[in-house]
Amino acid sequence: MNDIATEEKKPSCDSVINSVAYRDGKRLQDVTVEDISEVLKEPDTFVWLGLWQPEDSYMRSVQEEFGLHDLAIEDALTAHQRPKIEQYGESLFIVAHTAQKVKETIEYGETHMFLGKNFLITIRHGASSSYLQVRNHAEERPDMLVKGPAYALYCILDSIVDNYLEILHQYTEEFDAIEKLMFQNTFNQQAVQQVYKLRRDLLSLRNSAVPMEDICNQLSHHYEELVPKGLRAYIRDVQDHANQVIKTTDDMREMLSNAMHVNLALVSVHQNEVVQRLAGWGAILAIPTVVFSLYGMNFKNMPELDDWWGYPVTLGVTFVGCVWLYWKLKKSGWL
């Protein structure tokens, strides 16, 4: 296998993104999978291997070089794993859900990680941003990278949660726009659909962040042989960011639900006002309707029919009655 220089230039094995040995916080050289077991024997040296959807045969080679557990390898070969952290012998197997925005939608993927005393393996499945910038950032901090592969693991976890926060910020802007639509007294079906979609997207993001908080909590309280005490404060910082995502998504989902209730209440109140106005005008129109219907019965014994003042008086009484009823309804707020 040819040496691997960068994540943008892949070797003959397409699944290998980067395979680098580090010592005393500094990058030594790229290594092939066949040489990894020999490099791991060197003191104060660790290997950071980055893979993307590797084939079964290649993962078996990786298993042999690093001495990984069969069950962990089976999980690493299969996408759609639940987020988790498990210990197999002297190494940890971690699954984290990743998120990134593709055009107008959020796509989720997975990163499977193997952490040992002198190695870190990252395996990406599905939608996941490249970790080239994460690796470069880690290499720029040799004072931290000297702590070993646990620091590289922290950088990966921090990058994943930072992506959560970035997506959450975009959701916040969308939330503000939808909230304005909901505080109207007219029913907007499109706005309701947007609310449902945003609530669903927020739930998906929350479901990715909740296990990450638990993973960080376990890393900061257990596995002392793999995670140095000096790194636990950094891990707790990632946990705090994951907790921020969880709380913010919960608050936004609750506010969206309340906004929907407020919108329905506003629509209901507006409809009641319309019904009141219609009822008020109906009552006003009832006066001339009753009066004019009486004179349409054609009875002979209606004395005012023969008087010259009968017609104008009837119209006057009808008009006064309508004006009086309009004033009363206007005063009561029905019109």
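Tyr154 sits in helix α6 (residues 149–182); helices here are DSSP runs of H or I with at least four residues, strands are runs of E with at least two, and both are numbered from the N terminus. The model is a predicted one, in which local features need pLDDT of at least 70, side-chain atom pairs count only at pLDDT 80 or more, and totals for chains, interfaces and linings use all residues. Residues are numbered from 1 along each chain as its sequence is written, and side-chain values use heavy atoms, with hydrogens and water left out.

**Around helix α6**

Is Tyr154 buried or exposed? Tyr154 counts as buried because its relative accessibility is 11%. The cut-offs are under 20% relative accessible area for buried, over 50% for exposed, and partly exposed in between, using a 1.4 Å probe and protein chains only. Leaving aside neighbours within four places in sequence, Tyr154 touches Tyr234, Ile235 and Val238, where a contact means heavy atoms within 4.5 Å. Tyr154 and Tyr234 are 80 residues apart along the chain, yet their C-alpha atoms are separated by 7.2 Å.

Helix α6 also holds Glu179. With a relative accessible area of 24%, Glu179 is partly exposed. From Glu179 to Ala191, 12 residues along the chain, the C-alpha separation is 8.9 Å.

**Two helices with a buried side**

Which residues of helix α3 (residues 70–77) are buried? They are Ala72, Ile73, Asp75 and Ala76. These residues lie on the same side of α3 because they cover an arc of only 160° around the axis; the arc is taken from the directions from the helix axis to the C-beta atoms. Their cover includes α2 (56–66) together with the strands β4 (84–88), β5 (91–102), β6 (105–116) and β7 (119–126).

Helix α4 (residues 132–139) has its own buried set: Leu132, Val134, Arg135 and Ala138. Seen down the axis of α4, they fall within an arc of 165°, so they line one face of the helix. As background, an α-helix has 3.6 residues a turn, so residues three or four places apart point the same way.

**Salt bridges**

Searching the whole structure turns up 9 salt bridges, each being a side-chain nitrogen of Lys or Arg within 4 Å of a carboxyl oxygen of Asp or Glu.

| Pair | N to O distance |
|---|---|
| Arg27 and Asp30 | 2.9 Å |
| Arg27 and Glu139 | 3.0 Å |
| Lys84 and Glu86 | 3.8 Å |

Arg27, Asp30 and Glu139 are linked in a network of salt bridges. Arg27 is partly exposed, at 33% relative accessibility. The Arg27–Glu139 pair links distant parts of the chain, with Arg27 in strand β2 (residues 26–30) and Glu139 in helix α4, 112 residues apart. Glu139 is partly exposed too, with a relative accessible area of 23%, while Asp30 counts as buried at 18%.

In the Lys84 and Glu86 pair, Lys84 is buried with a relative accessible area of 9%, whereas Glu86 is partly exposed at 22%.

**A nonpolar patch on the surface**

Phe319 belongs to helix α9 (residues 310–332). Phe319 counts as exposed because its relative accessibility is 58%. Together with Val320 and Val323, Phe319 makes a nonpolar surface patch of about 300 Å². Patch members have over 30% relative accessible area and no salt bridge; nonpolar side chains (Val, Leu, Ile, Met, Phe, Trp, Tyr) are joined within 5 Å, and like charges within 9 Å.

The protein has 9 helices and 7 strands. Of its 335 residues, 43% count as buried. Among contacts with a separation of 6 or more, 62% are between residues 24 or more positions apart. The accessible surface comes to about 18,200 Å², and 53% of that belongs to carbon and sulfur atoms; areas come from the Shrake-Rupley method with a 1.4 Å probe, and for residues only the protein chains shown count as cover.

For confidence, look to pLDDT, the predictor's confidence in each residue on a scale from 0 to 100. The protein averages 78, and 79% of the residues score at least 70. Confidence is highest in helix α5 (residues 142–145), at 87, and lowest in α9, at a mean of 73. Over residues 1–13 the pLDDT is below 50, and this stretch has 35 contacts in the model beyond near neighbours in sequence.
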